[in-house]
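Please look over the sequence and the fold shown below before reading on.

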Amino acid sequence: MLKPYRIRFDDDLKVYVFTTTNRVTYHITLFDRRELVQDYPHLKVRVLEFSFYPSKPQVRTNDPRVEVTIIHLLNDIFKKNENVLLVVYESTDGKHKARQILFEKWYKRNTTQLLEKVNFALHMPDLDIKGMFLFRKDHPQRDEILKATKEIKDELQSYK
């Protein structure tokens, strides 16, 4: 069993950081996105937008411990049942489809027993955004979360 890399919080940058044995440093961000559920005061959820990326452009090597580290962090996040994660695949460099495929692979291998996901794709004139909402399957408000995520997706799509 592979061990996750040690993650630390960088107070200056306000990001989580880990460095691989190949000296690639990754940043992990978790932004509070409570505004997405402000129209749903009855939901007992905390929405966090999650992303991770190398700190500087560099050639990345295949390192299975990166997956182990990200999944370890996700498991910690979902120990609190009220957390809902919004994962958006950054698309400015055109690699969002590859990011989606990679994250989906990680999701299937590691979290399908615990988590439920709702994929979304927003197609706008100069922007193509893909992502997913993740939350625990055993959340007591599961049906309300599914309804809210559909409405949020529809609303975001209307901005095109």
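**Briefing on the predicted chain**

Strand β1 (residues 8–10) pairs with strand β2 (residues 15–19) in the antiparallel sense, over three bridges, where two strands count as paired if DSSP finds at least two bridges between them. Helices (H or I, at least four residues) and strands (E, at least two) are DSSP runs numbered from the N terminus. The model is predicted, and so local features need pLDDT of at least 70 and side-chain atom pairs count only at pLDDT 80 or more, whereas totals for chains, interfaces and linings use all residues. Residues are numbered from 1 along each chain as its sequence is written, and side-chain values use heavy atoms, with hydrogens and water left out.

- The hairpin of β1 and β2 has four residues between its strands, while the hairpin formed by β2 and β3 has five residues between them.
- Most residues other than glycine have a negative phi.
- K14, which lies in the loop between β1 and β2, has a positive phi of about 60° although it is not a glycine.
- R23, located in the loop between β2 and β3, likewise is not a glycine and has a positive phi of about 65°.
- K14 is exposed, with a relative accessible area of 54%, and R23 is exposed too, with a relative accessible area of 73%; here exposed means over 50% relative accessible area, buried means under 20%, and partly exposed lies in between (1.4 Å probe, protein chains only).

**T29 in strand β3**

- T29 has its place in strand β3, which covers residues 25–32, and T29 is buried, with a relative accessible area of 4%.
- Leaving aside residues up to four places away in sequence, T29 touches V15, E49, F50, S51 and Y53, a contact being heavy atoms within 4.5 Å.
- The side chains of T29 and S51 are joined by a polar contact of 2.5 Å; a polar contact is a pair of N or O atoms within 3.5 Å, where within protein one must be able to donate a hydrogen and the other to accept it, and residues adjacent in sequence count only if both atoms are side-chain atoms.

**Two partly exposed residues**

- E35 is found in the loop between β3 and β4 (46–54), and at 37% relative accessibility E35 counts as partly exposed.
- The side chain of E35 makes a polar contact of 2.4 Å with the side chain of R33.
- E35 and V66, which are 31 residues apart in sequence, are 30 Å apart in space, C-alpha to C-alpha.
- H72 has its place in helix α1 (residues 64–77) and counts as partly exposed at 38% relative accessibility.

**The chain as a whole**

- The protein chain has three helices and seven strands, and from the N terminus on its elements run β-β-β-β-α-β-α-β-β-α.
- The radius of gyration of the protein chain is 16 Å, close to the 15 Å that the globule rule gives for 160 residues, so the chain is as compact as a globular protein of that length; the radius is taken over C-alpha atoms, and the rule is 2.2 Å times the number of residues to the power 0.38.
- Along its principal axes, the C-alpha trace of the protein chain spans about 45 × 40 × 35 Å.
- Of the 160 residues in the protein chain, 41% are buried.
- Among contacts in the protein chain between residues at least 6 apart in sequence, 59% join residues at least 24 apart.
- The accessible surface of the protein chain comes to about 9800 Å², and 52% of this surface belongs to carbon and sulfur atoms; accessible areas come from the Shrake-Rupley method with a 1.4 Å probe, and for residues only the protein chains shown count as cover.

**Confidence**

- The protein chain averages a pLDDT of 86, and 92% of the residues score at least 70, pLDDT being the predictor's confidence in each residue, from 0 to 100.
- Confidence in the protein chain is highest in β1, at 96, and lowest in helix α2 (residues 96–110), at a mean of 80.
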